[in-house]
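Hi there,

Here is the structure I promised to pass on. My notes on what I found in it follow below.

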Amino acid sequence: MERKDRILTGDRPTGKMHIGHYFGSLKNRVKLQDEYETYIEVADVQALTDNFNNPEKVQRNVLEVLKDQLSVGINPEKVTFFLQSMIPEIAELTVFYSNLVTISRLQRNPTVKTEIAQKKELFGESVTYGFLGYPVNQAADITAFDATIVPVGEDQLPLIEQCREIVRKFNSIYGETLREPKAYLSQNKRIKGLDGNEKMGKSLGNAIYLSDSEEEIAKKVMSALTDPNRIRKDDFGNPDICMVSYYHKLFTQSEYENICEECRKGKRGCVDCKKQLIKSINAELGPIREKRKYYDENPKLVKEILMEGTSKARIIAKETMKNVKEAMKLNY
Ligand code: TRP
């Protein structure tokens with residue numbers, strides 16, 4: 001039987017999603033849901049690998065991450081959302097795959113390496129077995145659903161490569177069973193923070209959240225970094241070093257050229273420019289905020305979406321488990 005391409009992607013529920021996620025991955029998911037059978041995981045088990053000492057944080061964010069996605073238009077009629085911890089087959093596969101990867105290979109994984117360096121405070125001198133091994137767990141996520149397409153950001157490429165290696169090793173030892181997935185990179189690059197930082201994030205305090213109110217957005221935009229050499233309104237500005245213009249490019253596309261020209265000629269003040277940006281951002285986020293409000297008021301429905309999706313997803317994971325156990329001579 002020919003197996004169709006299937007998408008799997010996911011997020012660690014460790015915080016609310018911001019517009020970096022929106023442009024970087026969520027918009028892409030909205031588009032792909034019409035083209036492929038899609039599974040989206042709330043990766044609570046993976047989130048615990050670097051939040052094992054803070055289970056409340058992970059729990060609190062499970063439904064938040066789901067609501068962020070529902071509110072941007074990912075449709076639960078088209079996409080199957082599921083909770084990682086309720087699919088025990090993923091944990092089981094993780095154990096089987098852990099024989100197929102060496103410690104030194106995991107230590108060389110560039111993404112894992114960077115993260116370990118960033119998490120010195122949590123891990124001290126020696127990283128946990130669980131965190132070092134999370135790429136194996138992620139390989140289990142992907143293969144449990146027989147997914148061939150994994151939409152991710154660039155930082156995740158080493159994880160997909162690691163998954164592909166595990167699949168090849170598995171198939172070479174136990175016979176053709178699993179399929180190698182491919183990463184699907186969205187065209188959008190990472191979005192910079194309002195302060196000009198290359199990365200947007202909670203710890204950096206420079207993010208605009210999908211759930212921010214109009215007032216919060218206004219406050220954040222008013223404090224955004226602009227051309228520091230521009231003091232008076234009629235000074236010639238340089239939009240290339242201004243975060244307000246950077247965001248106009250995302251949110252006020254049709255007028256972007258014009259905005260830059262006026263800035264260069266000293267014909268638009270930064271305050272007016274910021275006010276216009278606040279309007280544009282609110283125009284885009286308004287409908288998202290409305291939808292979110294609906295889900296905020298119906299928490300039972302949100303939970304139901306996750307539970308129904310999880311039951312559906314589990315059927316697929318069980319099928320994979322059956323094939324894997326058969327291949328590994330564990331079919332008693
Ligand atoms: N590691 C991903 C991240 O940090 C989240 C994730 C977990 C994931 N499981 C996945 C992504 C499976 C793609 C496929 O963003």
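**Around the ligand**

The ligand is surrounded by 13 residues, and the closest are Glu41, Gln46, Gln138, Asp141 and Gln156 (near means that a heavy atom of the residue lies within 4 Å). Before you read on: this is a predicted model, in which local features need pLDDT of at least 70 and side-chain atom pairs count only at pLDDT 80 or more, while totals for chains, interfaces and linings use all residues. Residues are numbered from 1 along each chain as its sequence is written, and side-chain values use heavy atoms, with hydrogens and water left out.

By class, the shell comprises five nonpolar, five polar and three charged residues (Ala, Val, Leu, Ile, Met, Phe, Trp, Tyr, Cys and Pro count as nonpolar, Asp, Glu, Lys and Arg as charged, and the others, Gly among them, as polar). At least two shell residues come from each of β1 (6-11), α9 (134-144) and β4 (149-152) (DSSP runs numbered from the N terminus: helices are H or I, at least four residues; strands are E, at least two).

A side-chain N or O atom of glutamine 46 is 2.8 Å from a ligand nitrogen, and one of glutamine 156 is 3.0 Å from a ligand nitrogen. The protein buries 88% of the 370 Å² that the ligand exposes when taken alone (Shrake-Rupley method, 1.4 Å probe).

**Helix α10**

After α10 comes glycine 175, with a positive phi near 95°.

Enjoy exploring it!

Methods
Polar contact = N/O pair within 3.5 Å; in protein donor to acceptor, adjacent residues only side chain to side chain.
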